[in-house]
Amino acid sequence: MTTNSIRIYNTLTKTKEPFQTIEPDRVGMYLCGPTVYAEAHIGHMVGPVIFDTIKRYLVYSGFEVTWVVNITDVDDKLINKSREKGISMFQLATAMTADYLSNLQSLGVDQIDHLPRATDSMDEIILFVQELIERGFAYVNGGDVFFDVMKDPQYGQLSNRSVDSQQGEGGDAASRKRSPGDFALWKSARPDEPSWKSPWGQGRPGWHIECSAMSRRILGKTFDIHGGGLDLVFPHHENELAQSRCCHGQPMVTYWLHNGLMQAAEAKGKVGGKNDRAESTGAEVTAQQPTAQATSETKISRSKGAGGLAKLIERHTGERIRFFLLRSHYRSTTIFGDEQLAEAGASLEAFYRLIQRFERLTGVSFYDDVAMAYNHKRKTFVEPTTSNEAIKEVVRLREAFLSKMDDDFNTGGATGDLFEVARCMNRFIDEAKLEEAAGRSQENLGLFVAGMKILKELGAILGIFMKPPKQSGNNQDSQELLDGLMKLLIQVRTDARTKRDFAMSDSVRDGLIAIGVALQDGKEGTTWSIAKST
RNA sequence: GGCUCCGUAGCCAAGUGGCUAAGGCAGCGGAUUGCAAAUCCGCCAUCGUGGGUUCAACUCCCACCGGAGCCUCCA
């Protein structure tokens with residue numbers, strides 16, 4: 001059995017618990033994916049990015065992990081939206097699923113093992129509903145099937161709610177329910193709706209049942225980790241939990257994880273504006289009212305048109321957005337906006353510069369050189385033997401980083417250690433005088449590689465620094481042209497500087513800065529980089 | 001009304017019952033540079049307010065103020 005010191009905050013118990021898997025060395029985890037009726041927004045990326053990172057860390061820690069993300073492709077919203085657009089529900093679902101997946105790819109989310117669709121899982125869903133009816137937890141009324149919450153004494157344990165406080169969905173279904181908190185397992189179809197054949201007539205599944213059915217098929221009756229946004233705790237996860245536990249007579253999930261929600265910075269700005277106006281008109285008494293009003297605007301929601309994730313990625317790069325999400329704890333509420341993302345980007349640049357510096361000084365490619373093969377498993381780490389303080393500090397920081405990850409996947413704390421690793425490596429370069437040929441001894445270069453491999457190892461856990469940062473227009477030909485031109489310009493400037501014609505050299509440099517290219521003068525010549533700061 | 005959660009420097013953000021309260025952005029001082037940039041070194045917080053528990057609290061408890069979420073579809 002894998003021994004580990006991982007602790008996970010469990011929504012079910014509201015405490016951090018030591019991580020114990022059901023089966024030795026294996027982990028099953030399930031994340032509630034999107035309802036694919038509209039383009040994704042950044043809020044939909046929080047879960048995938050953190051779970052992608054969790055999987056990476058668990059694999060790194062020695063577990064074999066199966067990660068499932070479901071796609072809800074049948075639902076009221078899909079039906080309505082497809083009608084609006086005049087296309088079939090399936091066409092809409094296919095298009096929006098593609099959008100979702102391409103966004104995931106941009107953010108480096110590539111650890112998902114299964115992406116089951118609800119419409120591909122009808123047999124299991126129907127079977128699941130049948131089993132619930134047989135066990136007396138569900139009842140049929142007309143063509144609808146409902147879960148009977150009164151039959152489950154533990155109902156409400158996840159969200160800490162009592163059954164009699166339930167409002168229920170209301171609508172015309174309400175009259176067919178035994179109690180307001182009952183929820184639909186199967187909904188009878190209206191004539192013009194997509195539907196499937198079932199023992200209760202043509203219809204479609206309720207929202208919650210698909211997750212219970214699909215997770216059972218792939219991960220079994222009880223599995224280790226189930227996640228989703230905080231907003232899913234009730235009713236979605238509460239209902240899933242109830243269905244599965246009642247059907248199987250055993251717990252559905254050991255650890256329930258919930259990520260905090262995103263808030264748009266633009267909308268927050270609006271709040272301030274409104275308040276300012278309220279104050280200037282002397283309406284102090286109602287100062288709270290506009291705030292309350294505005295809060296509904298700060299929330300990101302697709303219905304309010306907060307899409308445009310693809311554009312956001314284009315503007316900031318996927319890695320920047322990923323890093324931004326990982327900078328804070330996954331359970332906290334995060335305010336995002338261009339300014340926030342730009343700041344995350346500015347801090348990332350320091351890593352890119354270090355990596356560039358490394359490649360220039362060693363001739364080793366950070367990303368795909370065999371010399372940079374790093375530890376994919378925590379236990380295979382071999383500590384570099386050296387008395388060099390900077391490298392020893394990097395080793396110490398690695399431990400600090402890992403113990404932060406052990407503590408409920410504290411990526412926000414861990415990124416702090418990563419910055420310190422970068423600083424240590426720069427210090428090492430300075431102290432060992434690697435910028436000068438004399439300093440580039442076999443030993444120093446070996447230590448340099450060893451240190452950078454640790455940066456790569458830790459970056460890989462977070463899913464960053466896996467490939468060169470995206471630059472605009474990076475096709476091969478234009479890249480070569482660009483390199484040639486820059487070489488020429490740098491030569492012109494260097495000649496001018498040799499002749500102490502600083503007016504000339506500065507004019508070249510300033511001109512380049514104006515178009516977003518930064519020069520770095522070193523001991524052995526000048527290098528350049530694209531200064532992204534958007 | 002019920003149930004959660006949060007309030008740490010100009011901004012973002014970790015964290016802890018007692019040792020110097022991480023890190024980033026911005027800023028300032030120094031080294032380096034022809035000048036810059038980059039890099040390195042240094043500076044920059046007593047943890048919303050008021051009580052309480054304790055030998056000791058920013059960390060636990062209570063109250064208050066402020067903010068967010070859920071209770072209806074939402075990652």
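Reply: One definition to begin with: two residues are in contact if their C-beta atoms, placed from the backbone, lie within 7 Å. Note also that this is a predicted model.

Me: Of the contacts in chain A with a separation of 6 or more, what percentage is between residues 24 or more positions apart?
Reply: The count takes in chain A contacts with a separation of 6 or more. Within that set, the share for residues 24 or more positions apart is 72%.

Me: How many helices and strands does chain A have, and what percentage of its residues is buried?
Reply: The secondary structure of chain A comes to 16 helices and 14 strands. Chain A has 534 residues. The buried share of these is 38%.

Me: How are H12 and H14 oriented to each other?
Reply: Helix H12 covers residues 389-406 and helix H14 covers residues 442-462. Their axes are 10 Å apart, at an angle of about 10°. Angles under 35 degrees count as roughly parallel. H12 and H14 are therefore roughly parallel.

Me: How do the residues of the contact of H12 with H14 divide by class?
Reply: H12 brings Ile391, Val394, Arg398, Phe401 and Met405. H14 brings Leu447, Ala450, Gly451, Ile454, Leu458 and Ile461. By class, the contact has nine nonpolar, one polar and one charged.

Me: How are H1 and H10 oriented to each other?
Reply: The axes of helix H1 (residues 43-60) and H10 come within 10 Å. They cross at roughly 80°. Angles of 65 to 115 degrees count as roughly perpendicular. H1 and H10 are therefore roughly perpendicular.

Me: Which residues of H10 make the contact with H1?
Reply: The contact has five nonpolar, one polar and one charged residues. H1 supplies Met45, Val46, Val49 and Thr53. H10 supplies Arg322, Leu325 and Leu326.

Me: Is Thr317 buried or exposed?
Reply: Thr317 lies in the loop between helix H9 (309-316) and helix H10 (318-327). Its phi is positive, about 75°, although Thr317 is not a glycine. A residue needs 20 or more other C-beta atoms within 10 Å to be buried. Thr317 has 22 such neighbours, so it counts as buried.

Me: Where is Phe409, and how many other C-beta atoms lie within 10 Å of it?
Reply: Phe409 is placed in the loop between H12 and helix H13 (411-431). Phe409 is not a glycine, yet has a positive phi of about 55°. Phe409 is buried, and its count of other C-beta atoms within 10 Å is 26.

Me: Which helix holds Pro235?
Reply: The peptide bond from Phe234 to Pro235 is cis, with omega near 0°. Pro235 is found in residues 233-248, helix H6.

Me: How many charged residues are on the side of domain 2 that touches domain 3?
Reply: The centres of domain 2 and domain 3 are 28 Å apart. Five residues of domain 2 are in contact with five of domain 3. On the domain 2 side there are no nonpolar residues and one polar; the charged residues number four.

Technical notes. Residues numbered from 1 in each chain as written. Chains lettered and ligands numbered in written order. Predicted model: local features only at pLDDT ≥ 70, side-chain atom pairs only at ≥ 80, totals over all residues. Domains from an automatic or database assignment. Nonpolar A, V, L, I, M, F, W, Y, C, P; charged D, E, K, R; others polar. Helix = DSSP H or I, 4+ residues; strand = E, 2+ residues; numbered from the N terminus. Buried ≥ 20, exposed ≤ 12 C-beta atoms within 10 Å, placed from the backbone. Axes fitted to C-alpha atoms, helices over the stretch in contact; angles between N-to-C directions. Parallel < 35°, antiparallel > 145°, perpendicular 65-115°, else oblique.
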